[in-house]
Amino acid sequence: MTNKEAAGTAGFTVLCAGEERTIRSFYCCDLLSHVMGQVLEDTCWCTVMGNINTIAVATLTEAACVVLCHGIPATEEMLRRAEENGITVLSTNMAEFDAAVALAKAGGIAL
Amino acid sequence: MEPLRYELHCHSCASPCGDDSMTPVMLCGMAALAGIQLLALTDHNTAANLPAAEEACAAYGLTLLPGIEVTTEEEIHLLCYFPTVEAAQAMGTLLYEYLPDIPCEPDFFGNQLVMDSDDNIIDRPEKLLINATALDLARTKVLAEQLGGLCVPAHLDKDSTSVLSVLGIMPEELDFPCVEFRDPAKVQRFVELGALPPPREVLTSSDAHRIEALGEAGGIMEHPEESFLWPLIRRRLELQGS
């Protein structure tokens with residue numbers, strides 16, 4: 001499943017459409033330093049951290065996309081940086097785990 | 001005592017996000033030109049450039065307040081100020097041990113340059129210094145205080161890495177009489193929301209990462225003797241005098 005296809009899944013809206021990438025795994029975490037050390041590339045990262053640092057970590061880890069959960073808004077700064085770095089950012093009202101499960105089901109990805 | 005012009009939150013080239021031109025000598029020289037009298041260099045989780053800054057401050061007639069901006073386990077930035085460079089270095093050594101074993105990738109994060117007072121690079125710490133340490137807010141405060149330090153929560157009005165953006169409210173059990181705001185006009189709003197007990201003192205510094213930002217730096221302490229940081233400031237003035 002690509003991040004573009006994920007964006008079309010029910011319950012998700014697009015805040016920033018970045019470069020197309022294939023989602024290979026999911027990760028739910030809010031501590032940036034932890035994500036930086038753990039996340040593999042092409043991960044769909046579900047978080048509530050809607051600030052510019054999220055994009056820095058997503059860029060570094062070559063994340064497939066960032067999903068902002070619980071309807072948490074993104075700062076303007078975050079979206080501007082996402083645009084510059086080609087990072088896809090989705091929004092959902094779901095909790096992190098529920099968002100990952102919904103996308104995995106839609107994309108037929110094993111959790 | 002006369003009012004004191006201060007800049008108590010800025011970064012040198014030891015911070016990966018600090019510009020390479022922010023050498024301790026350059027920083028202290030620019031601060032002196034900007035009319036600052038009391039300068040704290042507060043790099044992320046390191047005291048490595050404080051010895052050079054202390055020498056440069058002495059040369060430019062500034063008073064250095066040794067500082068570190070600690071990233072706590074909760075990813076909160078806490079400014080820690082110390083009576084001596086040695087005390088700050090002791091904290092720095094401890095922080096390095098508590099940083100995760102993730103190397104700094106200079107192409108992405110920037111260089112981490114430790115300089116001497118002649119602007120020579122003498123070290124490049126391996127671990128990424130902006131990461132969160134494994135010390136929580138309460139423990140960081142205790143450790144800094146054990147070394148004679150005082151703590152000030154950084155940029156409470158920032159939408160990331162501040163106590164209020166991460167925890168929502170100031171934890172009741174922690175006593176921070178002095179806090180930092182980028183815009184002091186916002187203090188009242190957080191107090192009214194019940195997120196922050198009315199602070200005794202609010203500091204405003206530049207958080208400069210580039211030389212240009214130092215020009216607009218700092219604030220003025222009208223009555224330095226009444227500042228929460230006065231015990232440290234007095235000590236630094238005495239040391240400078242002797």
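Helix α2(B) has the buried residues B:L50, B:A52, B:A53, B:A56 and B:C57, where buried means under 20% relative accessible area, exposed over 50% and partly exposed in between, with a 1.4 Å probe and protein chains only. Seen down the axis of α2(B), these residues fall within an arc of 150°, so they line one face of the helix. The structure is a predicted model, in which local features need pLDDT of at least 70, side-chain atom pairs count only at pLDDT 80 or more, and totals for chains, interfaces and linings use all residues. Residues are numbered from 1 along each chain as its sequence is written, chains are lettered from A and ligands numbered from 1 in the order in which they are written, and side-chain values use heavy atoms, with hydrogens and water left out.

**Helix α2 of chain B**

- The arc is that of the directions from the helix axis to the C-beta atoms; helices (H or I, at least four residues) and strands (E, at least two) are DSSP runs, numbered from the N terminus.
- On the face of α2(B) turned away from its buried side are the exposed residues B:E55, B:A58 and B:A59.
- Packing against the buried residues of α2(B) are α1 (24-33), β2 (38-39), β4, β5, α3 and β7 (114-115) of chain B, with contact taken as heavy atoms within 4.5 Å.
- B:G61 follows α2(B) and has a positive phi, near 75°.

**Helix α3 of chain B**

- Helix α3 of chain B covers residues 85-98, 14 residues in total, and reaches 20 Å from its first C-alpha to its last, close to the 20 Å expected at 1.5 Å a residue. The expected span is 1.5 Å times one less than the number of residues.
- B:V85, B:A87, B:A88, B:M91, B:G92 and B:L95 are the buried residues of α3(B). They cover an arc of only 155° around the axis, which puts them on the same side of α3(B).
- An α-helix has 3.6 residues a turn, so residues three or four places apart point the same way.
- The exposed residues B:E86 and B:E97 are on the face of α3(B) turned away from its buried side.
- The cover over the buried residues of α3(B) includes α2 (50-60), β4 (63-64), β5, α5 (137-146) and α8 (230-241) of chain B.

**Pockets**

- The largest pocket has a volume of about 1,200 Å³. On a 1 Å grid over the protein atoms alone, a pocket is an open set of points where a 1.4 Å probe fits, with protein on both sides within 12 Å along at least five of seven lines, and lining residues have an atom within 4 Å of a point. Grid points are joined across faces, edges and corners, and a volume is the space filled by probe spheres set on the points.
- Of the 37 residues that line the largest pocket, A:I52, A:N53, B:C17, B:I130 and B:K158 lie nearest its centre.
- At least two lining residues of the largest pocket come from each of α2 (32-38), α3 (52-60) and α4 (76-85) of chain A, and from each of β5 (67-71) and α4 (106-109) of chain B. The most come from α3(A), with 4 residues.
- The lining of the largest pocket has 14 nonpolar, 14 polar and 9 charged residues. Ala, Val, Leu, Ile, Met, Phe, Trp, Tyr, Cys and Pro count as nonpolar, Asp, Glu, Lys and Arg as charged, and the others, Gly among them, as polar.
- The second largest pocket holds about 250 Å³ of space. It is lined by 16 residues, and A:V48, A:M49, A:N51, B:D159 and B:S165 are the closest to its centre.
- The lining of the second largest pocket divides into 6 nonpolar, 6 polar and 4 charged residues.

**A:N51 and A:T75**

- A:N51 is in the loop between β3 (43-47) and α3 of chain A and is buried at 3% relative accessibility.
- Apart from neighbours within four places in sequence, A:N51 is in contact with A:T75, A:M78, B:D159 and B:S160.
- A:T75 lies in the loop between β4 (65-68) and α4 of chain A and counts as buried at 18% relative accessibility.
- With neighbours within four places again left aside, A:T75 is in contact with A:G50, A:N51, A:I52 and B:D159.

- Most residues other than glycine have a negative phi.
- B:N45, not a glycine, has a positive phi of about 55°; B:N45 is in the loop between β3 (42-44) and α2 of chain B and is buried, at 1% relative accessible area.
- B:E75 has a positive phi near 65°, lies in the loop between β5 and β6 (77-81) of chain B and is buried at 7% relative accessibility.
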